[in-house]
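Work through the exercises below with the model open. Each task is followed by a stepwise solution.

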Amino acid sequence: MSLLAEMNQKALNLGLPLSVHLDITYRCNERCAHCYLDHDDHGEMTTAEIVDVLTQLASAGVFFLSLSGGEVLMRRDFFEIVEQARQLLFNVKVKTNGVMIRENEAARLRQLGVEQIQISVYSHRPEVHDAITKLPGSLKRTIQAIRFLKSQGLKVTIANVLMAGNFSDQAGVMTLAGKLGVAYTLDPTITPRMDGDTSILSLRIPGSELKQVFHSQELVGNVEEFCAPPPAPGEDIMEGFPCSAGHTACYISPYGDVFPCVQFPLPSGNVRRQKFLDIWRHSPQLQEVRSIRARDLPTCSTCAHVGTCTRCPGLAYMEGNMRGPSTADCEKSFQRTGIPSANMLTWTRAGSAGPLIQIQSLALASSAAFEGR
Amino acid sequence: MAEKYIARSSAIAARLVGDEMMVMSAADSTFFILNEVASAIWQAADGCTPLSEIVAGKICQEFDVDREQAQRGADRFVDELSQHGILRVSDQPIINSSASPESR
């Protein structure tokens with residue numbers, strides 16, 4: 001077990017929130033096609049409120065702090081917030097589009113000891129990237145920002161969200177990351193908007209393309225191992241929980257709302273009305289999330305993928321039931337292994353597809369598997 | 001032998017998790033877990049108190065260990081962490097030591 005895994009386990013045993021994702025604003029200078037946020041300011045926390053929250057988080061045991069948005073640099077007090085966070089000795093990761101980062105900003109981030117900067121890049125081609133961000137010239141500025149950050153010796157990761165409109169540019173972005181000397185990560189997950197609007201889910205890449213991703217040695221390493229059929233789940237799997245959301249991690253919005261995760265919009269308290277630790281320890285919503293084990297999931301506990309699925313309880317919650325399946329993850333498990341999930345078999349029997357999934361290629365690809373049952 | 005003064009670097013992330021301290025170097029992302037004794041030395045590293053005094057006044061008393069043995073262990077610990085820039089070491093008191101993380 002790595003030292004980090006060891007500390008994660010210890011934090012879990014002690015009930016400590018080791019990681020917090022704090023969005024300091026939802027305002028943004030880009031208008032990305034897939035974004036789930038409302039970019040108006042509905043009353044963000046003030047600098048003093050954020051500093052107070054940071055102090056509470058440090059006392060509660062938080063080590064990893066992700067500062068994100070919106071675009072973090074839209075806040076004039078961004079560097080003041082980072083400075084306070086570093087004085088409180090958080091390991092700080094900043095997520096940004098980089099458009100507002102020039103030499104001075106990069107130098108300041110280095111001086112403050114930020115551990116990592118994650119920058120969104122959607123394509124290596126300006127006409128594709130800028131069409132997604134709806135900000136002309138954004139790719140050029142983002143790449144310049146990466147160069148400024150690299151010249152300061154900062155650790156930079158390009159995050160590449162994959163959508164139907166940029167899937168064919170994935171290799172180009174990966175090559176760009178290599179040329180810039182930065183890490184690369186991709187994410188094929190598109191989530192519903194925070195107001196419940198699911199229209200942006202039409203941007204998700206279809207199953208056939210997801211399958212290409214999962215079967216790319218360059219992206220997943222050992223394909224045979226990554227795409228192997230799931231082993232039979234043991235008792236430890238059935239007693240396990242799906243992810244760190246609410247267990248050792250949580251999310252705080254610019255308005256002080258606390259959720260189990262940025263992708264799990266279950267309101268669990270507000271730091272403007274309650275102390276963070278009160279919410280963390282006593283929120284009925286977080287306690288409910290923590291109480292759920294794999295054996296408690298009506299459909300997923302019967303699924304062959306239960307031990308290996310990336311099931312997101314937040315996406316399941318957005319589909320209507322935090323104990324239910326997350327159809328996007330059913331799709332991932334299927335495209336990875338070729339074995340349909342228990343949830344997919346339910347749709348087939350019922351003669352209908354789940355509401356949040358594009359099944360055209362799934363129906364074609366899986367027909368043989370279904371016929372054999 | 002010259003006195004050794006130690007101060008926590010500000011270029012680190014650190015947090016107490018139970019009785020152990022998680023420390024990560026912001027410079028090279030090296031990750032350390034300090035046990036209870038090492039955490040106590042770390043917390044006492046204010047730049048002003050000599051290491052020998054930390055060992056005699058804190059470590060030996062709190063952990064019931066032999067002074068020579070504790071001093072050897074403390075010297076090794078300080079050497080290792082200073083090599084990663086996590087502790088600053090000087091034979092003079094270090095005036096501008098980092099803000100104290102000890103209670104967190």
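**Exercise 1.** Which residues of the largest nonpolar core touch the most other members?

*Solution.* This is a predicted model.
Step 1. The largest nonpolar core has 112 residues.
Step 2. Within this core, L65(A), L67(A), F90(A) and L149(A) touch the most other members.
Step 3. Helix α6 of chain A, residues 138–151, supplies the largest share of the core, six residues.
Step 4. A second, separate core has six residues, among them A294(A), L297(A), C300(A) and C309(A).

**Exercise 2.** List the contacts of L149(A), leaving aside neighbours within four places in sequence.

*Solution.* The partners of L149(A) are I101(A), A106(A), L109(A), I117(A), L154(A) and V156(A).

**Exercise 3.** Where do the buried residues of α3(A) lie around the axis?

*Solution.*
Step 1. In helix α3 of chain A, residues 78–87, the buried residues are F78(A), I81(A), V82(A), A85(A) and R86(A).
Step 2. They cover an arc of only 130 degrees around the axis, so they sit on the same side of α3(A).
Step 3. An α-helix has 3.6 residues a turn, so residues three or four places apart point the same way.
Step 4. The cover over the buried residues of α3(A) includes α2, β2, β3 and α4 of chain A.
Step 5. After α3(A) comes L89(A), with a positive phi near 65 degrees.

**Exercise 4.** Is E36(B) buried or exposed?

*Solution.*
Step 1. E36(B) lies in helix α1 of chain B, residues 36–44.
Step 2. It has 12 other C-beta atoms within 10 Å.
Step 3. A residue with 12 or fewer counts as exposed, so E36(B) is exposed.
Step 4. Beyond four places in sequence, E36(B) touches D19(B) and E20(B).

Definitions and conventions: Residues numbered from 1 in each chain as written. Chains lettered and ligands numbered in written order. Predicted model: local features only at pLDDT ≥ 70, side-chain atom pairs only at ≥ 80, totals over all residues. Helix = DSSP H or I, 4+ residues; strand = E, 2+ residues; numbered from the N terminus. Buried ≥ 20, exposed ≤ 12 C-beta atoms within 10 Å, placed from the backbone. Contact = placed C-beta atoms within 7 Å. Arc of directions from axis to C-beta. Core = buried A, V, L, I, M, F, W, Y, C linked by C-beta atoms within 7 Å.
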